[in-house]
Amino acid sequence: MLLCPCFFVRTTADAGGCFLMYTECRNSKECAPAKHHFDECVERVTAAQSEEGGAKEDCVEEFFHLAHCATACAAPKLWSVLK
């Protein structure tokens, strides 16, 4: 699971809604290119670890691109809930 801006919420119910919004955004059409690159990288790194004994790359850059997209999508929705 990716990091979420849900630390702003005060109740458990709000946190659940926030995580749902964030997950929907992460899987949205808007974030599809970033998610595709992240998933592709994870597959590549996982394969390299099992076949070659160690991966020569990580997916940090792809992770942050996807997290940024999901956060940018979820933030306006989150603020409307918290107001």
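Let's start with the core. The largest nonpolar core has 15 residues, and the members touching the most others are Tyr-22, Phe-38, Cys-59 and Leu-66. By nonpolar core I mean a set of buried Ala, Val, Leu, Ile, Met, Phe, Trp, Tyr and Cys residues joined through side-chain atoms within 4.5 Å. Buried is under 20% relative accessible area, exposed is over 50%, and partly exposed is in between, with a 1.4 Å probe and protein chains only. Helices α1 (12–26), α2 and α3 each give two or more residues to this core, and α3 provides the largest share, 7 residues. As general background, nonpolar side chains in soluble globular proteins tend to be buried together.

A quick word on what you are looking at. This is a predicted model, where local features need pLDDT of at least 70 and side-chain atom pairs count only at pLDDT 80 or more, while totals for chains, interfaces and linings use all residues. Residues are numbered from 1 along each chain as its sequence is written, and side-chain values use heavy atoms, with hydrogens and water left out.

Now the fold. The chain has 3 helices and 0 strands, in the order α-α-α along the sequence. Those come from DSSP runs, numbered from the N terminus: H or I for helices, at least four residues, and E for strands, at least two. Of the 83 residues, 34% are buried. If we take contacts (heavy atoms within 4.5 Å) with a separation of 6 or more, 56% are between residues 24 or more positions apart.

Where does Leu-66 sit? Leu-66 is in helix α3, and it counts as buried because its relative accessibility is 2%.

Next, the rings. Across the whole structure there are 2 aromatic pairs. The cut-offs, for Phe, Tyr and Trp (its six-membered ring): centres within 6.5 Å, with planes under 30 degrees apart stacked, over 60 edge-to-face, and the rest tilted. Phe-38 and Phe-63 make a tilted pair, 6.3 Å centre to centre with 55° between the planes. That pair links distant parts of the chain, with Phe-38 in helix α2 and Phe-63 in helix α3, 25 residues apart. Phe-38 is buried, at 18% relative accessibility. Phe-63 also pairs with Phe-64, this time edge-to-face, at 5.2 Å and 75°. Together, ring pairs join Phe-38, Phe-63 and Phe-64 into a cluster.

Finally, the charges. How many salt bridges does the whole structure hold? The search finds 2, using a side-chain nitrogen of Lys or Arg within 4 Å of a carboxyl oxygen of Asp or Glu. One joins Asp-39 to Lys-35, with the closest N and O atoms 2.9 Å apart. Both residues lie in helix α2 (residues 32–52), 4 residues apart, about one turn of the helix. Asp-39 is partly exposed at 30%, and Lys-35 is partly exposed at 23%.

The other salt bridge is Arg-44 with Glu-57, at 2.7 Å from N to O. Here the pair links distant parts of the chain: Arg-44 is in helix α2 and Glu-57 is in the loop between α2 and α3 (60–82), 13 residues apart. Arg-44 is partly exposed with a relative accessible area of 38%, and Glu-57 is partly exposed at 35%. Thanks, everyone!
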